[in-house]
Amino acid sequence: MASVSTSHLIMFIASVIVAASVAGTVILEVNQMSTAIEMQGSNVATEVETDIAITSDPGYPESIYDRETETVSVLVKNVGSETLQVHRSAIDVLVDGRYVSNDHLAVDRLDVDANSWRPGGIVEVTIDVGEIEDLAVDGDTRVTTIVHGNEDSIDFHVANNAD
């Protein structure tokens, strides 16, 4: 009889040890998942609160593309509710589907002298196309700006010199 009680006691202790280790692992995984969900929720909230709109007029391509300096300039308005950063690393730009490195961008706040881009604020994004190899602005051109996963595009036509 004592041997049965001893074997039951050993089995009970082993099951408690296994249960404790499983519970510890589950708690650790739940904490990691909770942190990941919280971070994802924060990122989604920022993306939802961020919205931009290009306000340049495609009907006047000469106001967008300067042939002499070989620059493209678009006005971008923060139409969301999130305050954004006025820095070239905060904005991604595509010209005709081609990514433009931040080295070829300038971002300037137009309406006030500040480093923050508040809702309703406008920045001018200037792309130095002349410094980018194998990129020419000629004919139909599309410029896309992307901030926190939100994007807006403008299509305009630049007449070549023969037109």
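Biologist: What makes Arg142 and Asp155 a salt bridge?

Modeller: The closest N and O atoms of Arg142 and Asp155 are 2.6 Å apart. A salt bridge needs a side-chain nitrogen of Lys or Arg within 4 Å of a carboxyl oxygen of Asp or Glu, so the pair qualifies. Keep in mind that this model is predicted.

Biologist: Which strands does the pair link?

Modeller: Arg142 is in strand E10 and Asp155 is in strand E11. They sit 13 residues apart and link distant parts of the chain.

Biologist: How many salt bridges does a search of the whole structure find?

Modeller: The search finds 1.

Biologist: Is Arg142 buried, partly exposed or exposed?

Modeller: Its relative accessible area is 40%. Buried means under 20% and exposed means over 50%, with partly exposed in between. Arg142 is therefore partly exposed. Asp155 has a value of 43%, so Asp155 is partly exposed too.

Biologist: How do you know that E10 and E11 pair?

Modeller: Pairing needs at least two bridges between the strands. E10 (residues 139–147) and E11 (residues 150–158) have 9 bridges, in the antiparallel sense. In one of these bridges, Thr145 has Asp152 of E11 as its partner.

Biologist: What lies between the strands of this hairpin?

Modeller: There are 2 residues between E10 and E11. In this hairpin, His148 takes a positive phi near 50°.

Biologist: What makes E5 a partner of E10?

Modeller: Again, count the bridges. E5 (residues 92–95) is joined to E10 by 4 bridges, and the two run antiparallel. The cut-off is at least two bridges, so E5 and E10 pair. Val93 stands opposite Thr145 in E10.

Biologist: Why is Val147 called buried?

Modeller: Val147 belongs to strand E10. Its relative accessibility is 2%. The limit for buried is under 20%, so Val147 counts as buried.

Biologist: Which residues does Val147 touch?

Modeller: Not counting residues up to four places away in sequence, Val147 touches Thr50, Ile52, Leu84, Ala90, Ile91 and Trp117. Asp92 is 55 residues from Val147 in sequence, but 6.6 Å away in space, C-alpha to C-alpha.

Biologist: Why is Asn78 called buried?

Modeller: Asn78 is found in strand E3 (residues 71–78). Its relative accessible area is 0%, so Asn78 is buried.

Biologist: What does the side chain of Asn78 reach at 3.5 Å?

Modeller: That is the backbone oxygen of Arg118. The backbone oxygen of Trp117 lies 2.9 Å from a polar atom of the Asn78 side chain. Leaving aside neighbours within four places in sequence, the contacts of Asn78 include Asp51, Thr83, Leu84, Pro119, Gly120 and Gly121.

Biologist: Which residues form a nonpolar patch on the surface?

Modeller: They are Leu9, Phe12, Ile13, Val16 and Ile17. Together they have about 490 Å² of accessible area.

Methods
Residues are numbered from 1 along each chain as its sequence is written. This is a predicted model: local features need pLDDT of at least 70, side-chain atom pairs count only at pLDDT 80 or more; totals for chains, interfaces and linings use all residues. Side-chain values use heavy atoms; hydrogens and water are left out. Buried means under 20% relative accessible area, exposed over 50%, partly exposed in between (1.4 Å probe, protein chains only). Contact means heavy atoms within 4.5 Å. Patches are made of residues with over 30% relative accessible area and no salt bridge: like charges are joined within 9 Å, nonpolar side chains (Val, Leu, Ile, Met, Phe, Trp, Tyr) within 5 Å. Accessible areas come from the Shrake-Rupley method with a 1.4 Å probe; for residues, only the protein chains shown count as cover. A polar contact is a pair of N or O atoms within 3.5 Å; within protein, one must be able to donate a hydrogen and the other to accept it, and residues adjacent in sequence count only if both atoms are side-chain atoms.
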